[in-house]
Amino acid sequence: MSSTVISHDAAHHGSHDHHHETFLTKYIFSQDHKMIAKQFLITGIIMAVFAMLLSILFRIQLAWPDKDFPILEVFLGKWAEGGRIKPEFFLSLVTIHGTMMVFFVLTAGLSGTFSNLLIPYQIGARDMASPLMNMLSYWFFFVACVIMIGSFFVESGPASAGWTIYPPLSAVPTSISGSGMGMTLWLISMTLFIASQVLGGVNYISTILNMRTKGMDLWRMPLTIWSFFLTAIVGLLSFPVLVSAVVLLIFDRSFGTSFYLSDLVVQGQILPNEGGSPILFQHLFWFLGHPEVYIVVMPALGLTSEVISTNSRKPIFGYHAMVYSLVGITVLSFIVWGHHMFVTGMNPFLGGVFMITTLIIAVPSAVKAFNYIATLWRGNIRFTPAMLFAIGMVSFFVSGGVTGIFLGNAALDINLHDTYFVVAHFHLVMGSASIFGMLCGVYHWYPKMFGRMMNTKLGYLHFWLTFLGAYLVFFPMHFMGIDGVPRRYYAFTEFPFMEKWVSVNILVTWAAIVAGLGQVAFLVNFFGSIWRGKKATQNPWKSNTLEWTTPVEHIHGNWPGEIPAVHRWPYDYSKPGHDEDFISQVVPYSQTMSSNSYHDFEGDEEAIAIQREWNKENNRSVEE
Amino acid sequence: MENKELVIADLLRTRKAKKFSLWLGLIGMFMMFAALSSGFIVYTASGVDKGIKTILPHAFIYSTVAIILSSVTIHFAFQAAKTGNLVRQKSLLIFTLALGLVFFVLQLKAWGILTERGIYFINNNASQSFIYIFTGLHLAHIIAGIIVLLRCYIGAVKPIAHDYNVFRMDLGAIFWHFLDLLWIYIYVFLLLNQ
């Protein structure tokens, strides 16, 4: 392994000499994938904290709808007059919480960070195919974040039509306060965000297909790379559809067209728009919206695959099945969007088709869940914080995924649609699972990003508070949903049948607050360890993938000398006959004669003959 | 020497990846128009009073001829760049740019004809608004295409290194051909629905 790191002067590696970096080019407008990854991560963390605080605010309203909290008025001014959050602002809170979490944290924060960090590292490339596009991708994202936060400072408040921005609420600026300037800013922000994602995604795909090092064929790629690759494909095919939907929406809002609007009376005024169909927007939105949930969860699945295998000290169970199930999820993700629209008066036959495609997704998802468990089975498990988060991810993926089977049934969905059951389902399977995947990635690759280790004890504290907190928050919501409690309602005291759930809301809110405080442990750990963490060694987790063959100190071009060639798949852990429990991808089979098996050579007769000869000479018996 | 080979290998690989990125970008752009097409189909099927309900202006035929011709000229401009004939490359690029502008003007003219017939963008039959959306978004891409052509032209005027010039022309030509094909797709789609 050490043979791959030749610490000679970095100025001797071809095209990557002569770099006179200034503060601006190194830290701000950097084109280096490692720095851009850090920029995505830190921006993502800031957005996550912001979005989490929004959720605590609306949780306070839900738990104590009849109580005043004067301190809220201090911070929120007219949006919490008398210490009580206004209904309009409540809607803004849920809208922006959803938007930020789904897009800014779990799409850009997750994919942006780890695709940028790991794609060049794990496939053996000096950088992305187009570093400039990569930089632009980050800055579009950053401006999108600033505009979205900026919408809190306009007089009519941020957008409040829900993260799905269904017209007519989103299309008629006069309908509610959040439909005005806030909605316009939302649309501008999201347009920039889509530009960022497309630029990034194109770069990821192109880099993976064109820039792999010698020997790194597709079936030797770590599952992380497979997941980023397929995620980027999903993004590339679905985000432009949202652009189309948004373009039509902008024309309806600001120019008076009638793509989505028809027969409306708003504030006593009859609107001139006729003939439009709000359902058309839903079709276009969900054609992105559903693949989007896989954009969110697939990178998390990839990261956990890597972490679980490394920390179980076992090859990932069913590598090919894992890849094919990701491919299956990718394909299926485009033909299930109608399950969000069962109650729109859809033709029941069409509903049946969408139901079947939706339920089929359970198959590749279950393959993945079982493979994780089979990888853990009898493994030499090391419970690092990253590993705990990875296992937590699997737990949420299973418990949230099961309720997907309920919701995918058109007959059941008619009852459960728009209730807390849906909120519980997607917060577990998409929200919590993805955020756990992301945190698992942060803990695992922190040494690669910052050259230091995070504190393990704080990591454990963070894990348990977040894990238990998330279940306490979301699990009770299933029962509320089955009871028919609708989502997005402002005060449970307004409806007698919902009043019994106020006490549950208090539990949920306390759990959310405790879990929220748990994130302080993470923030202290994350930012503190940048300067005070224990110095990392080159390969702290004894992992096989290529990123751990680069020096701890970041250099432009990643490897000081030539990029190492790859000789084997990334999951040779605990291989019988080898003196260590891991074999890096860069170690050739000629150096591991005592652990080679015949199928390693994939039918290469010459190599098999050499191995057979060696086995004979050394009295080693291996099954053929 | 070894370093130089490494640089060239790196450069070639990066160029290949960039060209590939362009193809991916084209897929993304196509998806946008595919979404609009399906939006159009779903909308138009929603009632008998929907649909284009007019004959598309003849200006679209002329603009189609202009953009097809521009595809031919950029193809020969690219060939000229490959042989290092900068003068020919520049003049063909000027032709392409001019045809691009003619296309632009003809599309605007077609809009004028439509409004004369009383078919406005702001319209309660949104199928008719879709004509403006399709052509307008395509024109937005044409603007991007013209910028790309100008950049190719500047490259030839300077002139930049031969291999870089060819690479730039290669990408520019692919993008311009795509805009041509995209227009043909849009036009045929609209013709089939008129």
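The model is predicted: local features need pLDDT of at least 70, side-chain atom pairs count only at pLDDT 80 or more, and totals for chains, interfaces and linings use all residues. Residues are numbered from 1 along each chain as its sequence is written, while chains are lettered from A and ligands numbered from 1 in the order in which they are written.

Chain A has 18 helices and two strands. Helices (H or I, at least four residues) and strands (E, at least two) are DSSP runs, numbered from the N terminus. The radius of gyration of chain A, taken over C-alpha atoms, is 26 Å. Of the 624 residues in chain A, 54% are buried. A residue is buried if 20 or more other C-beta atoms lie within 10 Å of its own, exposed if 12 or fewer, and partly exposed in between; C-beta atoms are placed from the backbone. Two residues are in contact if their C-beta atoms, placed from the backbone, lie within 7 Å. Among contacts in chain A between residues at least 6 apart in sequence, 78% join residues at least 24 apart.

Chain A is divided into domain 1 (29–262 + 269–532) and domain 2 (557–624). These bounds come from an automatic or database domain assignment. The domain centres, taken over C-alpha atoms, are separated by 41 Å. Domain 1 puts 17 residues into the contact and domain 2 puts in 16 residues. On the domain 1 side, seven residues are nonpolar, five polar and five charged. Here Ala, Val, Leu, Ile, Met, Phe, Trp, Tyr, Cys and Pro count as nonpolar, Asp, Glu, Lys and Arg as charged, and the others, Gly among them, as polar.

The largest nonpolar core has 229 residues. Such a core is a set of buried Ala, Val, Leu, Ile, Met, Phe, Trp, Tyr and Cys residues joined through C-beta atoms within 7 Å. A:Phe229, A:Phe389, A:Ala390, A:Met393, A:Ala433 and A:Cys440 touch the most other members. Domain 1 and domain 2 of chain A each supply at least three residues to this core. Beyond its neighbours within four places in sequence, A:Cys440 is in contact with A:Leu303, A:Thr304, A:Val307, A:Ala386, A:Phe389, A:Ala390 and A:Met393.

Chain B has five helices and zero strands. Its C-alpha atoms fill a box of roughly 70 × 30 × 20 Å along the principal axes. Of its 194 residues, 35% count as buried. Residues 24 or more positions apart account for 80% of the contacts in chain B with a separation of 6 or more.

Helix H3 (residues 86–116) of chain B has 31 residues, and its end C-alpha atoms are 45 Å apart. Buried residues of H3(B) include B:Leu92, B:Phe103 and B:Trp111. The buried residues of this helix pack against H2 and H4 of chain B. B:Gly118 follows H3(B) and has a positive phi near 90°.

B:Phe78 is found in helix H2 (residues 59–83) of chain B. This residue is buried, with 22 other C-beta atoms within 10 Å. Not counting residues up to four places away in sequence, B:Phe78 touches B:Met169, B:Asp170 and B:Ala173.

Between the chains, 35 residues of chain B are in contact with 34 residues of chain A. Helix H1 (2–44) and helix H4 (126–157) of chain B each supply at least two residues of the chain B side. H1(B) gives the most, with 24 residues. By class, this side has 19 nonpolar, eleven polar and five charged residues.

Two cis peptide bonds can be described. One runs from A:Pro167 to A:Pro168, with omega near 5°. A:Pro168 lies in the loop between helix H5 (131–150) and helix H6 (181–210) of chain A. Another runs from B:Lys158 to B:Pro159, with omega near -20°. B:Pro159 lies in the loop between H4 and helix H5 (162–193) of chain B.

A:Asp263, a residue other than glycine, has a positive phi near 50°. A:Asp263 counts as exposed, with 11 C-beta neighbours inside 10 Å. A:Asn558 also is not a glycine, and its phi is positive, about 70°. A:Asn558 counts as buried, with 24 C-beta neighbours inside 10 Å.

Conventions. Rg over C-alpha atoms; globule rule 2.2 N^0.38 Å. Expected span 1.5 Å × (residues − 1).
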